[in-house]
Amino acid sequence: MSYEIWNRRYTGSKYKLADWIFEIIDSQCSGSSFCDIFAGTGIIAKTALDRMSKVVINDFLYSNELIYKAFFMQSQYDKEKIEHYKNTFQSLQVIDLRENYVSTNFGGKFFSHNDAILIGEIRERIEKANDINDKEHSILIASLLYSIDKIANTVGHYDAYIKGHTLKDQFKFDLISPYHTESTISIYREDANILAKSLECDIVYIDPPYNSRQYSRFYHVLENIASWKKPELYGVALKPKPENMSEYCRATALDAFTALINDLKCKYILVSYNNTYASKSSSSLNKMTLENIKQVLASKGKLSCFEKSHQFFNAGKTSFSDHKEMLFLVEVNK
Ligand SMILES: C[S@@+](CC[C@H](N)C(=O)[O-])C[C@H]1O[C@@H](n2cnc3c(N)ncnc32)[C@H](O)[C@@H]1O
């Protein structure tokens, strides 16, 4: 088996909405370059690759950047070598291995103890491998992250692990399948507001976080394993010191959004938004209202709004009977 880019659990993934979003783009926009500036899983950039000759993909998380390089970077890699690593990793026996950073921190919590030993061992072997190039390194790490996500003892993100049951050994290392494309793809790990200042693209797609839940905290286990700096960890959920905290999850979100929109030089801006602000839980309250967003966008050009009812991935306790997904389109003033 091998993983496609959408085979992961990710809060706010637009996998199920990608076709709808591109129906709108195809019918309303013209252009040959596209930027997915808060790319998350990267599914929107992936869909854009079939249509655009230039695609820019950006997210400020380490794990996401590695995943984009693994799937999209069009550089040489040796398939046989990658298969060989996979076979070696699949044949590892826990009895031959020692405790490691992953097993001592996450064993019996996010993973069974034996699975955690395997994960830590594989990550260390990738780190020490001296016969792999940057693309091969990214493929191996992304494959590890997807294999981890498949079995992690969570509801889909790593803000907490599920307690009160015995964890099974179920980890298996499988590979992701990289994509070939004739389009030019540029990969960034930047703050979206900084990238926006130098970006040159016809169409920019914007899908920021809208509530106080920080993605770097939600996906800290994947970030930790991707960057492999082995930091000290704190609290029940074993999180490192905060890093990559988004302005979009704070009270100042509207200022950040206004600056971003002002700085963009492009023909079309698309913004995804959903009505989770009606939720009862305070951490899922939206930091920007619909009116805030409309006002900022209308000042940039001609604004239209598209709407779709949508069953979405909800990891937490909140439930929405009338969930609507919105897509704003701005035809930017010349
Ligand atoms: C709602 S998710 C995007 C989901 C994505 N459209 C998909 O389909 O998977 C928002 C993303 O923005 C990223 N992010 C948050 N603040 C950011 C910032 N200031 N600059 C760049 N990326 C940011 C998060 O890491 C997260 O992956």
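Gly 301 sits in strand β8 (residues 301–309); strands here are DSSP runs of E with at least two residues, helices are DSSP runs of H or I with at least four, and both are numbered from the N terminus. This is a predicted model, in which local features need pLDDT of at least 70, side-chain atom pairs count only at pLDDT 80 or more, and totals for chains, interfaces and linings use all residues. Residue numbers start from 1 along each chain as its sequence is written.

Gly 301 comes out as partly exposed, because 16 other C-beta atoms lie within 10 Å. For that label, 20 or more other C-beta atoms within 10 Å of a residue's own make it buried, 12 or fewer make it exposed, and anything in between is partly exposed, with C-beta atoms placed from the backbone. Not counting residues up to four places away in sequence, Gly 301 touches Val 330, Glu 331, Val 332 and Asn 333, where contact means C-beta atoms, placed from the backbone, within 7 Å. Tyr 268 is 33 residues from Gly 301 in sequence, and their C-alpha atoms are 9.0 Å apart in space.

Glu 331 belongs to strand β9 (residues 324–332). With 15 other C-beta atoms within 10 Å, Glu 331 is partly exposed. Its contacts, again leaving out residues up to four places away in sequence, are Tyr 268, Gly 301 and Lys 302. Ile 57 is 274 residues from Glu 331 along the chain, and 21 Å separate the two C-alpha atoms.

On to the domains. The domain assignment gives domain 1 (10–62 + 183–212 + 250–334) and domain 2 (75–179 + 215–235); such bounds come from an automatic or database assignment. Taken over C-alpha atoms, the domain centres are 30 Å apart. Six residues from domain 1 and ten residues from domain 2 make the contact. On the domain 1 side, the touching residues split into five nonpolar, one polar and no charged, with Ala, Val, Leu, Ile, Met, Phe, Trp, Tyr, Cys and Pro counted as nonpolar, Asp, Glu, Lys and Arg as charged, and the others, Gly among them, as polar.

The largest nonpolar core has 90 residues, and Leu 145, Ile 269 and Leu 270 have the most contacts inside it. A core of this kind is a set of buried Ala, Val, Leu, Ile, Met, Phe, Trp, Tyr and Cys residues joined through C-beta atoms within 7 Å. Helix α7 (residues 134–151) supplies the largest share of this core, eight residues. Domain 1 and domain 2 both give residues to this core, so it lies between them. Beyond its neighbours within four places in sequence, Leu 270 is in contact with Ile 25, Ile 203, Tyr 205, Ile 206, Leu 327, Phe 328 and Leu 329.

Helix α10 (residues 220–227) packs with helix α3 (residues 62–72) at an angle of about 65°, their axes 8 Å apart. Axes are lines fitted to C-alpha atoms, for helices over the stretch in contact, and angles run from 0 to 180 degrees between N-to-C directions. From α3 come Tyr 62, Ser 63 and Leu 66, and from α10 come Leu 222, Glu 223, Ala 226 and Ser 227. By class, that contact has four nonpolar, two polar and one charged residues. Seven of the eight residues of α10 are buried, so the helix is largely enclosed by the rest of the structure. The buried residues of α10 pack against α3, α5 (101–106), α6 (113–128), α7 and α9 (215–218).

Trp 228 is in the loop between α10 and α11 (253–263) and is partly exposed, with 15 other C-beta atoms within 10 Å. Leu 238 is found in the loop between α10 and α11, with phi near 55°, a positive value in a residue other than glycine.

Pro 178 lies in the loop between β4 (175–176) and β5 (184–188) and is buried, because 21 other C-beta atoms lie within 10 Å. Leaving aside neighbours within four places in sequence, Pro 178 is in contact with Ala 70, Phe 71 and Ile 139.

As for the ligand, 23 residues are around it, of which Gly 12, Lys 14, Gly 40, Thr 41 and Ser 246 come nearest; being near takes a C-beta atom, placed from the backbone, within 6 Å of the molecule. The shell divides into twelve nonpolar, six polar and five charged residues.

Key:
Contact = placed C-beta atoms within 7 Å.
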